[in-house]
Amino acid sequence: MDTLGAIALIVGAYLLGAVPWGVVLGRTIKGIDPRQHGSGATGATNSFRLLGAPIAISVFILDFAKGLAPVILARSLEMPDWTIALCAIVPAIGHCWSPYIGFKGGKGMATGGGSACGLFPWLALLLLPMILVVYLTRYVSLASLAAAIIGASLVVSLAVVSDFPGWWAFAVTMISALIIYHHRANIRRLMDGTENKFGARVSV
(Lines give C-alpha, C1' and ligand atoms only; values in the text may rest on other atoms or scores of the structure.)
Protein backbone atom coordinates (compact mmCIF):
# COMPACT_ATOMS: atom_id res chain seq x y z
CA MET A 1 0.00 0.00 0.00
CA ASP A 2 1.34 3.46 -0.90
CA THR A 3 1.77 6.45 1.38
CA LEU A 4 -1.67 7.83 0.50
CA GLY A 5 -3.24 4.54 1.52
CA ALA A 6 -1.30 4.56 4.79
CA ILE A 7 -2.52 8.08 5.55
CA ALA A 8 -6.11 7.05 4.80
CA LEU A 9 -5.75 4.11 7.18
CA ILE A 10 -4.39 6.34 9.94
CA VAL A 11 -7.16 8.91 9.49
CA GLY A 12 -9.74 6.12 9.53
CA ALA A 13 -8.23 4.77 12.75
CA TYR A 14 -8.55 8.21 14.34
CA LEU A 15 -12.17 8.63 13.26
CA LEU A 16 -13.06 5.15 14.50
CA GLY A 17 -11.34 5.77 17.82
CA ALA A 18 -13.27 9.02 18.18
CA VAL A 19 -16.68 7.31 18.26
CA PRO A 20 -17.92 8.11 21.83
CA TRP A 21 -19.65 4.87 22.69
CA GLY A 22 -20.39 6.00 26.24
CA VAL A 23 -22.36 8.95 24.85
CA VAL A 24 -24.04 6.88 22.13
CA LEU A 25 -25.21 4.12 24.47
CA GLY A 26 -25.96 6.45 27.37
CA ARG A 27 -28.20 8.66 25.29
CA THR A 28 -29.81 5.83 23.30
CA ILE A 29 -30.56 3.45 26.16
CA LYS A 30 -30.83 5.65 29.26
CA GLY A 31 -31.26 9.15 27.92
CA ILE A 32 -28.18 10.19 29.89
CA ASP A 33 -25.15 12.02 28.54
CA PRO A 34 -22.13 10.94 30.65
CA ARG A 35 -20.35 14.19 29.83
CA GLN A 36 -22.86 16.01 32.02
CA HIS A 37 -22.55 13.84 35.13
CA GLY A 38 -19.94 12.21 37.33
CA SER A 39 -16.40 12.73 36.08
CA GLY A 40 -17.67 13.89 32.68
CA ALA A 41 -15.63 11.19 30.94
CA THR A 42 -17.20 9.06 28.21
CA GLY A 43 -15.49 5.76 29.06
CA ALA A 44 -16.50 2.63 30.92
CA THR A 45 -15.75 3.77 34.48
CA ASN A 46 -18.02 6.81 34.40
CA SER A 47 -20.56 4.77 32.44
CA PHE A 48 -20.60 2.21 35.24
CA ARG A 49 -21.35 4.87 37.82
CA LEU A 50 -24.07 6.47 35.74
CA LEU A 51 -25.52 3.77 33.53
CA GLY A 52 -24.93 0.44 35.30
CA ALA A 53 -22.80 -2.61 34.65
CA PRO A 54 -24.36 -3.98 31.41
CA ILE A 55 -23.94 -0.70 29.53
CA ALA A 56 -20.50 -0.09 31.04
CA ILE A 57 -19.31 -3.52 29.91
CA SER A 58 -20.62 -2.81 26.41
CA VAL A 59 -18.81 0.55 26.39
CA PHE A 60 -15.58 -1.12 27.48
CA ILE A 61 -15.79 -3.81 24.78
CA LEU A 62 -16.59 -1.31 22.04
CA ASP A 63 -13.89 1.11 23.19
CA PHE A 64 -11.35 -1.72 23.37
CA ALA A 65 -12.35 -2.94 19.90
CA LYS A 66 -11.97 0.48 18.28
CA GLY A 67 -8.35 0.51 19.43
CA LEU A 68 -7.68 -3.09 18.52
CA ALA A 69 -9.26 -3.21 15.04
CA PRO A 70 -7.07 -0.64 13.24
CA VAL A 71 -3.89 -2.28 14.53
CA ILE A 72 -5.05 -5.73 13.43
CA LEU A 73 -5.97 -4.35 10.02
CA ALA A 74 -2.65 -2.55 9.59
CA ARG A 75 -0.74 -5.67 10.61
CA SER A 76 -2.79 -7.88 8.28
CA LEU A 77 -1.95 -5.52 5.40
CA GLU A 78 1.73 -5.78 6.37
CA MET A 79 2.07 -2.04 6.73
CA PRO A 80 5.40 -0.50 7.81
CA ASP A 81 6.09 -0.42 11.53
CA TRP A 82 5.58 3.36 11.68
CA THR A 83 2.14 3.07 10.11
CA ILE A 84 1.11 0.32 12.51
CA ALA A 85 2.39 2.41 15.42
CA LEU A 86 0.35 5.44 14.36
CA CYS A 87 -2.72 3.24 13.84
CA ALA A 88 -2.26 2.28 17.49
CA ILE A 89 -1.80 5.81 18.82
CA VAL A 90 -4.47 7.76 16.95
CA PRO A 91 -7.55 5.82 18.17
CA ALA A 92 -6.63 6.76 21.75
CA ILE A 93 -6.17 10.37 20.67
CA GLY A 94 -9.56 10.26 18.96
CA HIS A 95 -11.16 8.77 22.06
CA CYS A 96 -9.74 11.48 24.31
CA TRP A 97 -10.40 14.35 21.90
CA SER A 98 -13.35 13.30 19.77
CA PRO A 99 -14.35 15.69 16.97
CA TYR A 100 -17.86 14.27 17.19
CA ILE A 101 -18.42 15.80 20.66
CA GLY A 102 -16.43 19.02 20.64
CA PHE A 103 -13.03 17.41 21.10
CA LYS A 104 -13.89 16.00 24.50
CA GLY A 105 -13.93 12.34 25.48
CA GLY A 106 -12.62 9.73 27.87
CA LYS A 107 -9.26 8.92 29.41
CA GLY A 108 -8.06 6.43 26.83
CA MET A 109 -7.56 3.33 28.95
CA ALA A 110 -9.82 0.85 27.12
CA THR A 111 -9.07 2.16 23.64
CA GLY A 112 -5.35 2.48 24.35
CA GLY A 113 -5.39 -0.97 25.88
CA GLY A 114 -6.97 -2.39 22.73
CA SER A 115 -4.30 -0.76 20.58
CA ALA A 116 -1.49 -1.98 22.84
CA CYS A 117 -2.84 -5.53 22.81
CA GLY A 118 -3.03 -5.39 19.03
CA LEU A 119 0.71 -4.73 19.04
CA PHE A 120 1.66 -7.03 21.91
CA PRO A 121 -1.16 -9.47 22.79
CA TRP A 122 0.59 -10.58 25.98
CA LEU A 123 -0.07 -7.11 27.44
CA ALA A 124 -3.61 -8.39 28.05
CA LEU A 125 -2.09 -10.17 31.05
CA LEU A 126 -1.89 -6.77 32.75
CA LEU A 127 -5.62 -7.12 33.30
CA LEU A 128 -4.85 -9.51 36.17
CA PRO A 129 -2.84 -7.05 38.30
CA MET A 130 -5.40 -4.37 37.42
CA ILE A 131 -8.18 -6.52 38.86
CA LEU A 132 -6.05 -7.15 41.94
CA VAL A 133 -5.40 -3.44 42.47
CA VAL A 134 -9.11 -2.64 42.12
CA TYR A 135 -10.00 -5.48 44.49
CA LEU A 136 -7.52 -4.31 47.13
CA THR A 137 -8.01 -0.55 46.82
CA ARG A 138 -11.27 -0.07 44.87
CA TYR A 139 -9.50 2.60 42.81
CA VAL A 140 -9.90 2.03 39.06
CA SER A 141 -7.71 5.04 38.36
CA LEU A 142 -4.83 3.59 40.35
CA ALA A 143 -5.14 0.30 38.46
CA SER A 144 -5.15 2.15 35.13
CA LEU A 145 -2.08 4.18 36.04
CA ALA A 146 -0.22 1.10 37.24
CA ALA A 147 -1.02 -0.80 34.04
CA ALA A 148 0.06 2.14 31.87
CA ILE A 149 3.38 2.52 33.65
CA ILE A 150 4.14 -1.21 33.80
CA GLY A 151 3.14 -1.78 30.17
CA ALA A 152 5.33 1.02 28.85
CA SER A 153 8.26 -0.04 31.02
CA LEU A 154 8.04 -3.63 29.81
CA VAL A 155 7.91 -2.90 26.09
CA VAL A 156 10.66 -0.28 26.23
CA SER A 157 12.90 -2.65 28.17
CA LEU A 158 12.26 -5.47 25.73
CA ALA A 159 12.84 -3.18 22.75
CA VAL A 160 16.24 -2.25 24.17
CA VAL A 161 17.41 -5.83 24.74
CA SER A 162 15.68 -7.64 21.86
CA ASP A 163 14.43 -7.19 18.32
CA PHE A 164 11.05 -5.77 19.34
CA PRO A 165 10.00 -3.08 16.83
CA GLY A 166 11.06 0.27 18.23
CA TRP A 167 8.09 2.02 16.62
CA TRP A 168 5.70 -0.28 18.45
CA ALA A 169 7.39 0.35 21.78
CA PHE A 170 7.14 4.07 21.02
CA ALA A 171 3.40 3.66 20.38
CA VAL A 172 2.77 1.95 23.72
CA THR A 173 4.82 4.61 25.49
CA MET A 174 2.80 7.41 23.88
CA ILE A 175 -0.47 5.67 24.73
CA SER A 176 0.67 5.28 28.34
CA ALA A 177 1.69 8.94 28.51
CA LEU A 178 -1.73 9.92 27.17
CA ILE A 179 -3.49 7.80 29.79
CA ILE A 180 -1.39 9.26 32.59
CA TYR A 181 -2.01 12.82 31.33
CA HIS A 182 -5.77 12.29 31.35
CA HIS A 183 -5.60 10.88 34.88
CA ARG A 184 -3.84 13.93 36.32
CA ALA A 185 -6.95 15.00 38.26
CA ASN A 186 -7.30 11.43 39.57
CA ILE A 187 -3.67 11.53 40.70
CA ARG A 188 -4.36 14.68 42.69
CA ARG A 189 -7.44 13.11 44.28
CA LEU A 190 -5.53 9.93 45.09
CA MET A 191 -2.90 12.01 46.85
CA ASP A 192 -5.59 13.96 48.72
CA GLY A 193 -7.57 10.81 49.61
CA THR A 194 -10.69 12.08 47.83
CA GLU A 195 -10.72 9.80 44.78
CA ASN A 196 -14.01 8.03 43.98
CA LYS A 197 -13.96 4.30 44.65
CA PHE A 198 -15.20 1.56 42.36
CA GLY A 199 -18.85 0.76 42.87
CA ALA A 200 -19.84 4.27 43.95
CA ARG A 201 -22.92 5.36 42.01
CA VAL A 202 -23.64 8.92 40.89
CA SER A 203 -27.16 10.32 40.97
CA VAL A 204 -28.39 11.98 37.78
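α10 gives the most to the lining of the second largest pocket, with 4 residues. The model is predicted: local features need pLDDT of at least 70, side-chain atom pairs count only at pLDDT 80 or more, and totals for chains, interfaces and linings use all residues. Residues are numbered from 1 along each chain as its sequence is written, and side-chain values use heavy atoms, with hydrogens and water left out.

**Second largest pocket**
- This pocket holds about 330 Å³ of space.
- Its lining has 17 residues, with Ser39, Gly105, Lys107, His182 and Arg184 closest to the centre.
- A pocket is an open set of points on a 1 Å grid over the protein atoms alone, where a 1.4 Å probe fits, with protein on both sides within 12 Å along at least five of seven lines; lining residues have an atom within 4 Å of a point.
- α9 and α10 each give two or more residues to this lining; helices are DSSP runs (H or I, at least four residues) numbered from the N terminus.
- The lining divides into 6 nonpolar, 7 polar and 4 charged residues.

**Largest pocket**
- About 1,200 Å³ of space lies here.
- Phe60, Met109, Met130, Val140 and Ser144 are the closest to the centre among 49 lining residues.
- Elements giving two or more residues include α3 (44-51), α4 (53-76) and α8 (140-161).
- The lining comprises 27 nonpolar, 17 polar and 5 charged residues.

**Around Phe120**
- Leaving aside neighbours within four places in sequence, Phe120 is in contact with Val155, Phe164, Trp168, Ala169 and Val172.
- Contact means heavy atoms within 4.5 Å.

How values were computed
Grid points are joined across faces, edges and corners, and a volume is the space filled by probe spheres set on the points. Ala, Val, Leu, Ile, Met, Phe, Trp, Tyr, Cys and Pro count as nonpolar, Asp, Glu, Lys and Arg as charged, and the others, Gly among them, as polar.
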